[in-house]
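This briefing describes how some parts of one protein chain are arranged. Please look at the sequence and the structure before reading the points.

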Amino acid sequence: MADKNADGVSREQIDWDTIDWEYHEKVVRRLQERIVKATEEGNWDRVHDLSRLLTRSRSGKLLAIKRVTDNDGSKTPGVDKVTWEHSRSKEMAVALLDQRGYSPQPLRRTYIPKSNGKMRPLGIPTMLDRAMQALYLLALDPIAETVADPNSYGFRLGRSCADAIEQCFILLSGGRDRCILEGDIKGCFDHISQEWMEEYIPMERLILRKFLKCGYLERNVFTETQEGTPQGGPSHRFWQI
């Protein structure tokens with residue numbers, strides 16, 4: 001009998017080009033729905049158990065790999081100069097998404113121009129580290145969408161600037177005086193407290209700490225990361241929980 005993993009899929013050889021994506025999306029969606037229910041009930045032990053089940057499932061790993069290889073940055077490598085452009089590399093990546101002994105590599109530091117003429121630092125994770133972050137984000141997203149403010153729009157699934165504009169129109173057209181406060185938190189991602197994130201983000205603390213403390217390489221010089229969360233990979237969304 002074939003060995004079975006958390007979502008009941010046998011550990012047989014993967015053929016990336018024939019994967020039944022609809023099936024795996026349904027498996028992950030069902031687990032996410034159960035996470036939402038447990039979050040609404042305040043059953044955080046149950047949330048932890050279901051999140052653990054999702055992040056160890058074959059379906060979760062496949063969708064995480066698909067996410068990081070389908071986006072625009074998939075051809076941008078990290079410090080190991082590895083990309084997963086071919087089906088075989090994606091198939092082999094499934095076995096690499098193992099929490100036991102996992103240790104992320106340093107980020108590759110690069111810069112992009114900001115509208116004010118300054119440069120914004122980005123930390124580019126390796127493909128493996130991107131996929132691991134995306135895997136945990138599959139479990140964190142349903143929690144965030146359950147507990148977040150109903151009128152927040154930044155980094156929210158299925159929301160856009162157009163939704164924020166519509167809400168502003170509704171509030172401002174009511175005939176009463178309204179105040180609009182515009183602000184920008186200087187270096188928000190660069191300086192957000194890692195201790196706060198470790199205390200309040202509902203995911204495996206050891207894995208989160210590894211994401212946050214992996215450091216970065218710039219011109220072959222390694223720098224530790226003692227604060228903030230890097231922009232350039234999926235983990236920069238963890239703080240919104």
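The points below cover a pair of helices and a sheet. The model is predicted.

**The helix pair**

- Helix 3 spans residues 58–70 and helix 4 spans residues 87–96.
- The two helices pack with their axes 10 Å apart, at an angle of about 135 degrees.
- Angles over 145 degrees count as roughly antiparallel and those from 65 to 115 as roughly perpendicular, and helix 3 and helix 4 are therefore oblique to each other.
- Helix 3 and helix 4 cross in the right-handed sense.

**Residues between the helices**

- On the side of helix 3, the contact involves Arg58, Lys61, Leu62, Ile65 and Thr69.
- These residues meet Lys90, Ala93 and Val94 of helix 4.
- Sorted by class, the contact of helix 3 with helix 4 has four nonpolar residues, three charged residues and one polar residue.

- Four strands form an open sheet in the order 2-1-3-4, and their pairing is mixed.
- Strand 2 (119–124) and strand 4 (221–223) are at the edges, and each has a single partner strand, so one side of each has no neighbour in the sheet.
- On average, neighbouring strands of this sheet are turned by 40 degrees against each other, direction ignored.

**Strands 3 and 4**

- In general, strands of a sheet pair through backbone hydrogen bonds, either parallel or antiparallel.
- Strand 3, residues 216–218, pairs with strand 4 in the antiparallel sense, over three bridges.
- Glu218 has Val221 in strand 4 as its bridge partner.

Terms used: Residues numbered from 1 in each chain as written. Predicted model: local features only at pLDDT ≥ 70, side-chain atom pairs only at ≥ 80, totals over all residues. Heavy atoms only, no water. Axes fitted to C-alpha atoms, helices over the stretch in contact; angles between N-to-C directions. Parallel < 35°, antiparallel > 145°, perpendicular 65-115°, else oblique. Left-handed = near helix turned anticlockwise from the far one by under 90°. Contact = heavy atoms within 4.5 Å. Nonpolar A, V, L, I, M, F, W, Y, C, P; charged D, E, K, R; others polar. Pairing = 2+ DSSP bridges.
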